[in-house]
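Please read them with the coordinates open.

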Amino acid sequence: PCACAMSDGKPKQSDLTERRKRRIAWWANQEKERKKRKGDDESNEKAARDVKQTCVADQEEKEAKKYIVFAGNLSYETTVDDLKKHFEKAGNIRDVRLLTSKNTGQPRGCAFVEFSDSGTYLRSLQLHHSTLGGRKINVEATCGGGGKGEARQKKLGERKRKMKAVVERKIQKKKKKQSSTI
């Protein structure tokens with residue numbers, strides 16, 4: 001039997017009123033909790049949207065076209081500043097990464113140089129077999145990654161073909177310009 005029941009089995013009126021009050025208070029509390037959670041959910045959704053927008057911006061920045069060349073056959077004494085000075089002939093340099101040994105921290109004789117635009121990138125490729133620190137350096141196109149995987153080789157070949165086409169178009173324009181001035 002119910003704790004609010006009397007000996008005749010019927011609840012007291014005061015007990016019913018108390019139960020109703022408790023039930024109403026419980027439902028009111030549930031409603032407050034729901035609204036609070038909804039507010040938290042809305043603020044969480046806003047935070048999630050902000051994070052997503054930041055992630056999208058970061059992703060777009062990562063996906064921005066990168067113009068990177070590999071510089072090899074460098075002297076072990078070559079510094080980042082030396083590379084910047086040598087490659088600034090081509091134009092605006094975004095970043096220089098001089099590769100070093102994991103064990104010793106000594107330079108490995110190669111680097112990656114990143115440029116901000118394709119024109120600078122093309123001019124930097126013309127520095128292939130130029131001299132830096134008394135050594136004839138190699139400057140080659142790269143598509144990132146590393147290794148000799150088939151997909152990477154294909155990507156690198158495609159990039160070289162595109163760059164070759166751009167260079168040939170520029171040469172043709174120069175020839176037309178020269179022939180029209182003569």
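1. The model is a predicted one. I begin with a strand pair: strand 1 and strand 6 run antiparallel and are joined by 4 bridges. Within this pairing, Gly-72 has Asn-138 of strand 6 as its bridge partner.

2. Helix 3 packs on the sheet and touches strand 1, strand 3 and strand 6. The direction of helix 3 makes about 15 degrees with that of strand 1.

3. The sheet itself is open and is formed by 4 strands in the order 2-3-1-6, with antiparallel pairing. Strand 2 (residues 93-100) and strand 6 are its edge strands, each pairing on one side only. On average, neighbouring strands are turned by 25 degrees against each other, direction ignored.

4. Which residues of helix 3 (residues 118-125) are buried? They are Gly-119, Thr-120, Tyr-121, Leu-122 and Ser-124. Their cover includes strand 1 (67-72), strand 3 (107-115) and strand 6 (138-141). Helix 2 (80-87) and helix 4 (150-181) are also among the covering elements.

5. The start of helix 3 has a side-chain to backbone approach: a side-chain oxygen of Asp-117 lies within 3.1 Å of the backbone nitrogen of Gly-119.

6. The largest nonpolar core has 19 residues. Those touching the most other members are Val-69, Leu-74, Leu-83, Phe-87, Val-113 and Phe-115. At least two residues of this core come from each of strand 1, helix 2, strand 2, strand 3, helix 3 and strand 6. As background, nonpolar side chains tend to be buried together in soluble globular proteins.

7. Leaving aside neighbours within four places in sequence, the contacts of Phe-115 include Tyr-67, Val-69 and Phe-87.

8. Beyond neighbours within four places in sequence, Ser-130 is in contact with His-86, Arg-135, Lys-136 and Ile-137.

9. For the protein overall, there are 4 helices and 6 strands, following the pattern α-β-α-β-β-α-β-β-β-α along the sequence. Buried residues make up 21% of the 182 residues. Of the contacts with a separation of 6 or more, 52% are between residues 24 or more positions apart. The accessible surface comes to about 14,000 Å², and 51% of this belongs to carbon and sulfur atoms.

Terms used:
Residues are numbered from 1 along each chain as its sequence is written. This is a predicted model: local features need pLDDT of at least 70, side-chain atom pairs count only at pLDDT 80 or more; totals for chains, interfaces and linings use all residues. Side-chain values use heavy atoms; hydrogens and water are left out. Buried means under 20% relative accessible area, exposed over 50%, partly exposed in between (1.4 Å probe, protein chains only). Contact means heavy atoms within 4.5 Å. A polar contact is a pair of N or O atoms within 3.5 Å; within protein, one must be able to donate a hydrogen and the other to accept it, and residues adjacent in sequence count only if both atoms are side-chain atoms. Two strands pair if DSSP finds at least two bridges between them. Axes are lines fitted to C-alpha atoms, for helices over the stretch in contact, and angles run from 0 to 180 degrees between N-to-C directions. A nonpolar core is a set of buried Ala, Val, Leu, Ile, Met, Phe, Trp, Tyr and Cys residues joined through side-chain atoms within 4.5 Å. Accessible areas come from the Shrake-Rupley method with a 1.4 Å probe; for residues, only the protein chains shown count as cover.
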